[in-house]
Amino acid sequence: MKRVVMILFVLSLSLLLLGADKIELLFWTHEDPNRTEIENRYIEEFEEMYPDVTIKRVTYPSRKIQETVLTAFAAHKGPDIFNMEINDEYPYIVNGRVAPIDPKAAGYDSLQAIYGNYLEGVLDPVTYDGNLYGLPLELTNWCIFINKKYFKEVGLDPEKDYPKTWEEMADVSEKLVIRDGEILLRRGFDFRYPYYLTFLVPMVEQLGGALLSEDGKTAIINDEAWLKVLEYFKEWGPNGRNLGSPTYTNARKLFNKDNNSVAMCLTGLYQEGRIRADNPEFYESGEWMVVPFPRFENAVNDLGSAYYGHYYMVNAESSKDKQYWAWKFIAFMLSHPEEYLLKVGLIQPQKTLLESEIFKNIPYSDVFLNDMAKSHIITIHEKAPMMQDLLKEAVESVMLTNATPAFALKRLKTKMNELLEEW
Amino acid sequence: MAHKRRVHKGIERKKAIWGWIFVAPSLLFFSLFSFYPIANAFYTSLFKKDLLSLRPPKFVGIKQYTYLLTSPTFWNSVKATAIFTLGTFIPLVVFSLIFAAFIMSRKRFQKFFQMAYYSPAVLSSVVAAAIWLLILDPRGLANQFVNFLLNSPGVDHKWLASIGMVRFSTVLVYFWKYVGYFTIIFIAGMASVPRTLHEAARIDGANSWQAFWRITFPLIKPTTLLVSVVAMIQCLKTFSTQYLFVQSGAPRGPIDVITLNIYYTAIRDHRIGRASAMSIILFAIMLFFTWFQLKVSKSEEVSYM
């Protein structure tokens, strides 16, 4: 009897020890069919190399993942690996919810070697108190995608007549738009609502305004610049020239369909991969092109759209073992920057990639790179998501309701400064 | 005599014990999933707490409440909630009563009508709002239908844009979704009215209209009260329609109901203490209407004797 008990004890101990060696990583990310295809393959390859590691990749819609990750972290049930836009991720760094990178696990000799591998400055948003908290999956800025057919249809030469200024953008759109009374059947161009930190703040900055003062303590700098931009949006909306509105279907999604519903849209280089996947015929037709983010006629700053990053991060509450393997796996995924670029259209800001022929041969990569060189990263602030909501409220109040730009600005200023206050 | 009282007491005691045994699971369930979250929300509302922070929260007492009561944004939410609740629950009660009376007066297709009215209530609010977003799109069916009826081609009625229309659209979606649910409750109430009363009225020469107003309506007063208060409480809790509309580009201000404000304060702003205070205020409002229901329903008890 004693022997049986002993055998059972040894067996269960062995099973426990065997089980203890197994590492299961939970990886949450946003939906992107092109990326899913390659990352699932990386997972298979990684699991083959390290049979004791299993990775469960779960995707969420890009506008839902923020709240899913947040509620999970609030309940101390966050995933081991996750990524979101940097302005959504920043509060996780500030609040100590993500683990600093382990250079050795990521295959680097030192922290400095990691900084040396990436473009200067791109790791600044994830550097806090001397530690590095993330590695970039992508760095994206937005330019204007144009459907050349619709330009030609209304007698415009897309190569010459594309809008260089916001004033021209409204005029060109007026020519391209097709209406049934007040209802827009085809929009010339429409903004990418509600990502106002990415495109609206740079528009204000072109005119010499700013969202925050340099010390970050005051919001809404240079009322004149803000008023001009809010007036522009009021004119753009259904109560003005009726060129577009946030209540219409997202222009970026319609663009790929090439179905006469939108002629221009605002998006990143990854759109090329999505056009190829959604509508190969349109992609191959050569009937689309990319031009820089417009500037205002009397712009005082030559600025493109803000660029944002998605950084892979690791949960600080995961065990040390899991953190080690998480960084090892992230580094493995990111060791394929060419494939991310060619198959998904994501720019990983590694020096070797941006200097490579592969990058230079991507259609219109130079347009994005030139504009990015004249841009800056999106507002990094613990309260950035709420700031974006307040901008949304201001813009939509002038576009959709009868609020005057002066009234909307006054309210925005009050709410923004209240947000910055401690209480 | 004393022996009889002891026996009687023993039976009472046994009944009481069994009563507690039967009630205990639901009490436990209710305490775990209702009392505890309410108490926890109240406790959290006394602190300044960031949803992501691992630092201990700072005790601020009733400061969250005093802040909210002087905040224009919060009062805007109260206004949006009041407009939505009044705008929704009155049509809900009136039309569900009419639809129930209509269905009860049918001799054929009663089940079909019940199913047709009830089917939207089966859908999740998110799916319902998503369907309506397609309909209310500027190029969608709503504009086409109204323009066909009014012979006004090309008019954009701005269902999701102008202040009045976006409020109306949320009411429309909610009404469409819940009118069937309340119709079924009214049907149940009407079915419980004894047929003998109607037969007696008919013998006395009452027509259908008189029978409804003099017999059915007075006898379903408890159901009417139940429907109106439940509808009101449901309306006070509305969230998903407004949330999806705002996500799809509708302006937030006119439909920023308290629950939506709670969501933004907690999830976008990470201020869980302040969001908890808002939820406690909302709870107090709902508690008031529950108390109101109990008070009124006591005076409106109906007896068929």
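This report covers a strand sheet in chain A, a cavity and an annotated span in chain B.

## Basis

The model is predicted: local features need pLDDT of at least 70, side-chain atom pairs count only at pLDDT 80 or more, and totals for chains, interfaces and linings use all residues. Residues are numbered from 1 along each chain as its sequence is written, chains are lettered from A and ligands numbered from 1 in the order written, and side-chain values use heavy atoms, without hydrogens and water.

## The sheet in chain A

Five strands form an open sheet in the order S2-S1-S3-S14-S6 (chain A), with mixed pairing. Strands S2 (53–60) and S6 (135–140) of chain A are at the edges; each has a single partner strand, so one side of each lacks a neighbour in the sheet. Strands are DSSP runs (E, at least two residues), and helices are H or I runs of at least four. Two strands pair if DSSP finds at least two bridges between them.

Strand S1 (23–30) of chain A pairs with S2(A) in the parallel sense over 8 bridges. A:Thr29 is opposite A:Thr59 in S2(A).

## The largest cavity

A cavity is a set of points on a 1 Å grid over the protein atoms alone, where a 1.4 Å probe fits but cannot get out; lining residues have an atom within 4 Å of a point. Domain 1 (20–139 + 307–363) and domain 2 (143–306 + 383–422) of chain A both line the largest cavity, so it lies between them. Domain bounds come from an automatic or database assignment. H19(A) gives the most to this lining, with 5 residues.

## The span in chain B

An unreviewed UniProt entry annotates residues 78–293 of chain B as "domain: ABC transmembrane type-1". Such annotations may be inferred rather than shown by experiment. The span is 79% helix and 0% strand.
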